[in-house]
Amino acid sequence: MTRLPKTREAIRRLAVALCATVGVVAWQPLPAQSAPGPVIGAPRDPLVPGRRPPLVRGIAVDERLASDAGVQVGDTLRLSAEAGTVGEPVVVSALVRRAADPSEVARSEYRVRLHLDHLQRLTGSADRVDRFAVAINAEAGPAAVDSFLAGVNHVAFGFRAHASRDVAVQSSRTFQVVDRFHRAIGGITIVASAVFLLCILLLKVEERRRAVAALRLAGLSRRTVALSVIAEAAVVAVLGSAAGAAIGWVATLLVNAHYQRVFRTPLTFALLTPRIALFAVALSLLLGIVAGSLAAWRLVRTPPLTLLGR
Amino acid sequence: MRATLAWAALRRHPMRTLLAVFGLAIAAALLLDMVMLATGMRASFRSLLTSQGYQLRVTPKGTLPFDTEASVGGAAALVASLRSHPDVARVSPSLGTTVQAQRGEQAVSAFALGTNADVQGEYTLLAGREPSMPADSTIREAIVNATFLTRLGVSLGDTVDLSTERSAQLRQSGRRGRVVIVGEARFLYVPPGLPALSTPLGALQHFLGTSGRDRMSLAMASVRVDGLDAAAQRDRIERVRLWIETEHSRVTAISTETAIVQVEERLAYFRQLAFILGALSLVIGVLLVTTLVSLSVNERLGELAVLRAIGVPRAGVLQQIMLEGLMLGLAGITIGLGLGLVTARWLNTILRDFPGLPADLDFFVWSGEAAWKSLAMLLIAATFAGAIPAWRASRVRVAQALREEAVA
Amino acid sequence: MKPINGTSDVLLDARDVKREYRAGESTVHALRGVSLTITRGEFVAIVGASGSGKSTLLHLLGAVDAPDVGSVTFEGRDISHLSDAEATRLRLLRVGLVFQRFYLMPTLSALENVMLPMAEAGIAPAARRARAEELLRYVGLGERTGHRPTQLSGGEQQRVAVARALANQPALLLADEPTGELDAATGAALIALLQRLNADGLTCVLVTHDAALAQSAQRVITMRDGRIVHDTRSDTAPTAGDIAP
């Protein structure tokens with residue numbers, strides 16, 4: 001076992017929540033004198049069917065735990081199902097990278113992987129599992145999945161079979177809630193931005209009342225003046241929203257960099273898709289036209305001399 | 001008179017003022033909501049954790065209460081040790097597990113909680129009575145939540161079969177028992193929609209057999225803090241917490257503060273979102289007022305010059321323009337307050353759908369202090385947003401402005 | 001032509017006043033050295049072509065602007081180097097200003113417009129209301145106190161502006177083209193009002209293109225290119241060339 005920096009000693013004492021199957025195991029480093037030398041390279045204790053388990057079993061450690069605790073392949077640790085007990089020595093056979101899972105993003109848990117029989121023995125859960133994953137022959141088609149589920153559930157007692165798609169729907173409930181929340185907040189922000197934009201554009205156009213009066217006095221028709229006012233508002237809106245989209249894109253980079261660092265995940269947190277950018281520009285354009293029309297309507301209805309303050 | 005002038009200036013362009021007030025109202029509502037979100041989760045969670053008077057939670061090492069199925073053995077000795085500490089007023093141990101409940105053809109998976117009625121801090125009894133602890137520890141009585149009653153179609157006084165596990169091969173249940181439902185309770189930490197029942201701790205341990213013998217999932221401890229100020233209370237709780245962890249290496253003692261911090265870490269996203277959107281709403285409010293007041297000042301430079309010419313001092317002009325910002329802010333905030341409360345309720349309903357959260361946990365919680373502080377901040381921001389144009393207006397060169405006005 | 005006797009009861013005294021200002025890229029020499037004495041109770045009309053410097057002189061006399069060179073003394077006090085606050089206070093309490101375009105606050109009623117300077121001077125609400133009503137009656141608008149400027153004719157607006165100028169009982173009334181936006185009949189009514197004010201003892205200094213108004217003054221000062229070219233009593237009427245723009 002390698003010696004660890006003192007600052008990491010506390011982390012080493014943490015218990016490890018093991019979610020792969022049942023139970024929680026606690027682990028601690030084995031005293032240095034009893035540890036075998038570290039092995040760098042190929043994982044020890046590969047999964048070979050029918051092979052007799054070695055005396056010191058191998059485990060896989062997720063890279064986050066390995067990084068925080070300074071664990072390397074070949075290190076020997078003690079692993080127990082209950083904190084405070086001595087536990088059994090295990091050797092770190094592999095470091096694994098967990099798939100980026102949004103449902104775990106805020107949970108700073110560590111994980112280790114054990115062979116099923118090893119965990120069953122360690123937790124006293126002989127011959128017990130949480131779930132089976134069953135693959136149906138690909139050529140059998142989706143109907144075969146339903147048929148299989150119906151068959152299993154007809155005879156099942158104490159357990160139930162679910163299609164992966166149903167499990168996915170159920171486990172994505174959190175994200176459905178977050179999605180609904182985002183949509184709601186997005187709605188509020190859009191209304192706020194719309195009012196803001198409408199207000200600014202209206203003010204901007206009204207600021208040009210004297211120029212409008214001059215155009216009218218010069219003989220330009222109401223229609224021409226109104227169209228020019230609307231066109232100006234539309235251009236300002238489009239340019240503003242394009243600039244906003246650019247700022248938004250930079251913001252997504254910052255947001256992603258920040259949260260990926262905080263949560264130590266490659267997940268993308270903010271995404272500016274062409275569709276969203278297009279929506280922003282289109283909404284701005286619409287609001288620009290509405291604001292321009294409102295202002296134009298007010299301006300062309302007012303006599304030019306009144307606009308000039310006479 | 002300045003207020004009259006400011007009010008009159010706002011009334012001069014009703015459409016413009018209306019839009020600005022509406023924009024400010026939305027900004028205020030968003031700010032209020034975000035402050036409620038940022039402070040609400042913490043307040044709600046704290047209220048939930050402290051509602052029964054327990055400040056410490058003792059769990060199997062490295063786990064959060066009922067976050068995993070972990071339990072710790074030697075519960076009786078551990079509880080006795082905790083109770084022996086002079087600063088510990090009472091200890092409530094509990095054990096949680098999943099059981100199958102069946103009545104007739106109806107069967108549900110339910111969360112079973114073993115706890116002692118005299119010290120429990122897990123539920124509040126709504127109807128009926130507490131289950132009694134039989135002399136032989138056999139499980140006989142239980143209280144359940146409304147979801148349990150609904151899902152199983154039972155009512156108080158009915159009998160329900162319980163089993164710990166089932167063997168598919170043998171078509172048999174594991175350990176089995178039969179309980180009478182003697183009460184209905186609201187379980188504080190159980191998510192809505194999850195059937196739950198509670199029996200005396202000893203009865204549940206006995207029912208679970210070897211896997212439950214003398215085990216517990218959680219012990220809540222109440223520390224004596226009467227007569228102490230807040231800092232001293234924290235110190236004492238922390239001392240007891242450290243003592244527990246030193247004396248009992250198999251457990252983790254979590255104070256309410258730590259639990260709140262841990263939950264906040266998990267829900268950090270919402271706090272940060274609240275912060276960002278709150279800041280944005282402030283910026284929007286400030287921009288809106290600045291733009292409106294700037295334009296209004298530009299339009300009225302001649303008028304303001306005349307005011308200065310007839311003897312209104314710079315400070316007077318400054319006050320008048322800032323009053324306009326203040327009035328806009330006040331109107332926007334007043335409307336925003338109502339709007340914010342309505343949207344907060346709506347958003348809270350959305351977030352409370354999160355699977356696995358206790359029914360009593362709210363994300364948006366009204367706090368008078370937080371509300372007035374945030375809205376006052378917006379009001380001050382709105383007032384000072386008018387400060388730059390107001391300052392410009394107050395510095396107007398009277399003779400020059402009059403000259404230019406005469407030419408215009 | 002009758003020389004001015006500036007020795008008794010001097011209200012205003014300007015000595016070699018010069019003023020220039022920027023107008024775009026160029027510098028306008030508005031006043032090139034003007035000296036002038038006005039005694040209490042005088043009714044003075046300043047006439048001259050556009051750009052002759054009459055409005056600038058009026059602004060200097062009323063502490064609206066300050067000279068680059070020279071001095072202006074008002075009631076024996078040098079007002080050419082007052083701080084902004086001092087000049088503002090002086091305008092509020094001792095000088096009444098009337099403008100060509102009236103410049104009433106469009107959002108306030110006639111009564112509120114007149115009350116405005118009094119409110120600024122700290123006069124109690126009841127007292128300022130009573131005085132404002134009295135002033136509006138004096139200018140013939142006792143029945144129109146609640147009307148907004150937009151609901152009043154040009155002549156009425158200018159009379160409200162005069163009432164506003166009188167609000168704090170000033171020693172001097174300065175009017176810049178007061179009849180410039182009025183028709184002949186309305187202008188004549190306003191001239192009569194100003195004469196009545198002067199008869200009641202108020203010193204009035206007007207800038208005007210209006211020959212009728214100039215002829216109603218006791219003293220006519222003619223300006224050209226930033227200088228006083230004539231300073232005459234009313235018995236010597238200004239020529240059309242003096243007044244015409």
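## Chain B at a glance

In chain B, 80% of the contacts (heavy atoms within 4.5 Å) between residues at least 6 apart in sequence join residues at least 24 apart. This is a predicted model, where local features need pLDDT of at least 70, side-chain atom pairs count only at pLDDT 80 or more, and totals for chains, interfaces and linings use all residues. Side-chain values use heavy atoms, without hydrogens and water.

Of the 408 residues in chain B, 53% are buried (under 20% relative accessible area; exposed is over 50%, partly exposed in between; 1.4 Å probe, protein chains only).

## The sheet in chain C

Chain C has an open sheet of 4 strands, ordered S2-S1-S4-S5 with antiparallel pairing (strands are DSSP E runs of at least two residues, helices H or I runs of at least four, numbered from the N terminus; pairing takes at least two DSSP bridges). At the edges sit S2 (26–39) and S5 (77–78) of chain C, each pairing on one side only.

## Salt bridges

Over all chains, the structure holds 24 salt bridges (a Lys or Arg side-chain nitrogen within 4 Å of an Asp or Glu carboxyl oxygen). One of them joins Glu238(B) and Arg241(B) at 2.9 Å, N to O. The two are 3 residues apart in helix H6 (residues 230–247) of chain B, about one helical turn. Glu238(B) is partly exposed at 30% relative accessibility, while Arg241(B) is buried at 13%.

Over in chain C, Glu75(C) and Arg40(C) meet at 3.5 Å, N to O. That pair links distant parts of the chain, 35 residues apart. Salt bridges with shared partners tie Asp9(C), Arg40(C), Glu75(C) and Arg94(C) into one network.

Definitions and conventions: Residues numbered from 1 in each chain as written. Chains lettered and ligands numbered in written order.
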